[in-house]
Amino acid sequence: AWSLGAIPRAKTASVADVAVGESIVFAGVGRGAEALRAARAGAQVTGVDVAAPMLARLAREAEKQGVEVRCCEASVFEFAPTDPFDRVVANFVLNVFAGNGLGHAIDAMTSWVAPGGEVTVADFAPITGSAARRMLAHAHYWPVALAARALGLCRLHAPHDYRPMFEVRGFALVSSRDIGLYRVEHFERR
(Lines give C-alpha, C1' and ligand atoms only; values in the text may rest on other atoms or scores of the structure.)
Protein backbone atom coordinates (compact mmCIF):
# COMPACT_ATOMS: atom_id res chain seq x y z
CA ALA A 1 0.00 0.00 0.00
CA TRP A 2 2.86 2.39 0.86
CA SER A 3 4.11 2.30 -2.74
CA LEU A 4 0.64 2.53 -4.33
CA GLY A 5 1.38 -0.70 -6.17
CA ALA A 6 4.75 0.39 -7.57
CA ILE A 7 6.75 -2.24 -5.66
CA PRO A 8 4.73 -5.17 -7.09
CA ARG A 9 4.97 -3.59 -10.57
CA ALA A 10 8.76 -3.29 -10.20
CA LYS A 11 9.04 -6.91 -9.08
CA THR A 12 6.91 -8.02 -12.04
CA ALA A 13 9.08 -5.97 -14.40
CA SER A 14 12.17 -7.72 -13.03
CA VAL A 15 11.01 -11.01 -14.58
CA ALA A 16 9.10 -9.72 -17.61
CA ASP A 17 11.64 -11.18 -20.07
CA VAL A 18 12.18 -14.63 -18.54
CA ALA A 19 13.11 -17.32 -21.08
CA VAL A 20 12.04 -20.96 -20.96
CA GLY A 21 14.82 -23.00 -19.37
CA GLU A 22 16.65 -19.96 -17.97
CA SER A 23 18.21 -20.67 -14.56
CA ILE A 24 17.35 -17.91 -12.09
CA VAL A 25 18.15 -17.45 -8.42
CA PHE A 26 16.16 -14.99 -6.33
CA ALA A 27 18.20 -13.53 -3.47
CA GLY A 28 16.02 -12.73 -0.48
CA VAL A 29 13.04 -14.29 -2.24
CA GLY A 30 10.54 -13.46 0.51
CA ARG A 31 6.98 -14.34 -0.51
CA GLY A 32 8.25 -15.13 -3.99
CA ALA A 33 5.47 -13.90 -6.27
CA GLU A 34 8.03 -13.03 -8.94
CA ALA A 35 9.83 -16.37 -8.47
CA LEU A 36 6.53 -18.18 -9.04
CA ARG A 37 5.89 -16.02 -12.11
CA ALA A 38 9.30 -16.98 -13.51
CA ALA A 39 8.65 -20.68 -12.79
CA ARG A 40 5.29 -20.48 -14.58
CA ALA A 41 7.13 -18.95 -17.57
CA GLY A 42 9.36 -22.03 -17.71
CA ALA A 43 12.46 -20.89 -15.84
CA GLN A 44 14.44 -23.13 -13.50
CA VAL A 45 13.98 -21.20 -10.25
CA THR A 46 15.87 -21.21 -6.96
CA GLY A 47 14.76 -19.05 -4.04
CA VAL A 48 17.25 -18.12 -1.33
CA ASP A 49 16.18 -16.55 1.96
CA VAL A 50 17.18 -16.58 5.63
CA ALA A 51 13.52 -16.88 6.70
CA ALA A 52 12.39 -20.52 6.82
CA PRO A 53 8.68 -19.55 7.14
CA MET A 54 8.91 -17.54 3.89
CA LEU A 55 10.52 -20.47 2.09
CA ALA A 56 7.90 -22.88 3.44
CA ARG A 57 5.15 -20.56 2.19
CA LEU A 58 6.86 -20.32 -1.21
CA ALA A 59 7.20 -24.12 -1.44
CA ARG A 60 3.49 -24.60 -0.60
CA GLU A 61 2.45 -22.03 -3.19
CA ALA A 62 4.73 -23.58 -5.85
CA GLU A 63 3.19 -27.00 -5.18
CA LYS A 64 -0.32 -25.52 -5.32
CA GLN A 65 0.50 -23.89 -8.69
CA GLY A 66 2.15 -27.04 -10.02
CA VAL A 67 5.56 -25.46 -10.60
CA GLU A 68 8.98 -26.35 -9.29
CA VAL A 69 10.94 -23.89 -7.15
CA ARG A 70 14.06 -25.02 -5.31
CA CYS A 71 14.17 -23.36 -1.86
CA CYS A 72 17.46 -22.77 0.02
CA GLU A 73 17.58 -21.41 3.55
CA ALA A 74 20.75 -19.30 3.60
CA SER A 75 21.98 -15.74 3.65
CA VAL A 76 23.52 -14.25 0.52
CA PHE A 77 26.87 -14.78 2.23
CA GLU A 78 26.25 -18.48 2.97
CA PHE A 79 24.64 -19.56 -0.31
CA ALA A 80 27.18 -21.42 -2.46
CA PRO A 81 25.65 -22.84 -5.64
CA THR A 82 27.42 -25.70 -7.40
CA ASP A 83 26.56 -24.27 -10.83
CA PRO A 84 26.26 -20.63 -11.93
CA PHE A 85 22.91 -19.12 -12.88
CA ASP A 86 21.83 -17.33 -16.03
CA ARG A 87 20.32 -14.61 -13.86
CA VAL A 88 20.37 -13.38 -10.28
CA VAL A 89 17.35 -11.35 -9.19
CA ALA A 90 17.65 -9.08 -6.15
CA ASN A 91 14.31 -7.41 -5.55
CA PHE A 92 14.29 -5.00 -2.62
CA VAL A 93 17.00 -6.92 -0.78
CA LEU A 94 20.21 -4.97 -1.41
CA ASN A 95 18.74 -1.90 0.32
CA VAL A 96 19.15 -3.64 3.70
CA PHE A 97 22.93 -3.50 3.31
CA ALA A 98 25.17 -0.48 3.83
CA GLY A 99 28.88 0.17 3.75
CA ASN A 100 31.14 -2.85 3.30
CA GLY A 101 28.17 -5.18 3.80
CA LEU A 102 26.66 -3.96 0.53
CA GLY A 103 29.88 -4.57 -1.37
CA HIS A 104 30.20 -8.05 0.11
CA ALA A 105 26.56 -8.86 -0.77
CA ILE A 106 27.08 -7.72 -4.37
CA ASP A 107 30.33 -9.71 -4.56
CA ALA A 108 28.50 -12.83 -3.36
CA MET A 109 25.59 -12.41 -5.77
CA THR A 110 27.76 -11.64 -8.79
CA SER A 111 29.78 -14.80 -8.07
CA TRP A 112 26.62 -16.81 -8.79
CA VAL A 113 26.31 -15.46 -12.37
CA ALA A 114 27.34 -17.53 -15.40
CA PRO A 115 29.49 -15.94 -18.13
CA GLY A 116 27.20 -13.75 -20.21
CA GLY A 117 24.58 -13.88 -17.45
CA GLU A 118 22.87 -10.99 -15.74
CA VAL A 119 21.79 -9.48 -12.46
CA THR A 120 18.42 -7.78 -12.15
CA VAL A 121 17.86 -5.34 -9.29
CA ALA A 122 14.56 -3.75 -8.30
CA ASP A 123 14.88 -1.25 -5.48
CA PHE A 124 14.41 2.34 -4.38
CA ALA A 125 15.70 4.71 -7.06
CA PRO A 126 18.40 7.18 -6.03
CA ILE A 127 16.91 10.49 -4.93
CA THR A 128 17.41 12.77 -7.93
CA GLY A 129 15.41 14.95 -10.27
CA SER A 130 13.35 18.05 -9.71
CA ALA A 131 12.93 19.60 -6.26
CA ALA A 132 9.37 18.25 -6.08
CA ARG A 133 10.47 14.72 -7.00
CA ARG A 134 13.32 14.80 -4.48
CA MET A 135 10.97 16.02 -1.73
CA LEU A 136 8.46 13.26 -2.55
CA ALA A 137 11.23 10.64 -2.64
CA HIS A 138 12.59 11.79 0.74
CA ALA A 139 9.09 11.73 2.27
CA HIS A 140 8.58 8.23 0.89
CA TYR A 141 11.98 6.66 1.61
CA TRP A 142 13.05 7.96 5.00
CA PRO A 143 10.05 6.77 7.09
CA VAL A 144 10.64 3.26 5.72
CA ALA A 145 14.38 3.50 6.37
CA LEU A 146 13.84 4.79 9.91
CA ALA A 147 11.32 2.04 10.68
CA ALA A 148 13.69 -0.62 9.35
CA ARG A 149 16.50 0.83 11.47
CA ALA A 150 14.27 0.90 14.57
CA LEU A 151 13.51 -2.80 14.01
CA GLY A 152 17.24 -3.52 13.70
CA LEU A 153 16.93 -4.60 10.06
CA CYS A 154 19.56 -2.28 8.60
CA ARG A 155 21.72 0.79 9.08
CA LEU A 156 20.50 4.15 7.85
CA HIS A 157 21.65 5.08 4.36
CA ALA A 158 20.34 6.92 1.31
CA PRO A 159 19.01 4.79 -1.58
CA HIS A 160 21.90 3.15 -3.39
CA ASP A 161 23.07 3.90 -6.93
CA TYR A 162 23.85 0.36 -8.11
CA ARG A 163 25.27 1.17 -11.53
CA PRO A 164 28.85 2.02 -10.46
CA MET A 165 28.83 -0.87 -7.98
CA PHE A 166 28.11 -3.39 -10.72
CA GLU A 167 30.29 -1.73 -13.36
CA VAL A 168 33.43 -2.08 -11.20
CA ARG A 169 32.61 -5.80 -10.93
CA GLY A 170 32.56 -6.27 -14.71
CA PHE A 171 28.85 -5.79 -15.38
CA ALA A 172 27.31 -3.35 -17.85
CA LEU A 173 23.93 -1.69 -17.42
CA VAL A 174 21.75 -2.92 -20.30
CA SER A 175 18.41 -1.44 -19.24
CA SER A 176 16.94 0.77 -16.57
CA ARG A 177 13.31 1.59 -15.92
CA ASP A 178 11.81 3.83 -13.26
CA ILE A 179 8.49 2.72 -11.81
CA GLY A 180 7.27 5.44 -9.48
CA LEU A 181 10.06 6.06 -6.97
CA TYR A 182 11.64 2.67 -7.70
CA ARG A 183 14.04 1.44 -10.38
CA VAL A 184 14.51 -1.88 -12.18
CA GLU A 185 18.00 -2.34 -13.64
CA HIS A 186 19.43 -5.20 -15.69
CA PHE A 187 23.20 -5.65 -15.59
CA GLU A 188 25.01 -8.09 -17.87
CA ARG A 189 28.35 -9.71 -17.18
CA ARG A 190 30.86 -8.42 -19.75
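Here are a few friendly notes on the predicted model above.

1. Ground rules. Residues are numbered from 1 along each chain as its sequence is written, and side-chain values use heavy atoms, with hydrogens and water left out. In this predicted model local features need pLDDT of at least 70 and side-chain atom pairs count only at pLDDT 80 or more, while totals for chains, interfaces and linings use all residues.

2. The sheet. Seven strands form an open sheet with mixed pairing, in the order E3-E2-E1-E4-E5-E7-E6. Strands (E, at least two residues) and helices (H or I, at least four) are DSSP runs, numbered from the N terminus; two strands pair if DSSP finds at least two bridges between them. Strands E3 (69-73) and E6 (171-179) stand at the edges with a single partner strand each, so one side of each lacks a neighbour in the sheet.

3. Inside the sheet. Strand E1 (residues 23-27) runs parallel to strand E4 (residues 85-91), and 3 bridges join them. Phe26 stands opposite Val89 in E4.

4. Helix H4 (residues 99-111). Its 13 residues should span 18 Å at 1.5 Å a residue, and the end C-alpha atoms are 19 Å apart, which agrees. The expected span is 1.5 Å times one less than the number of residues.
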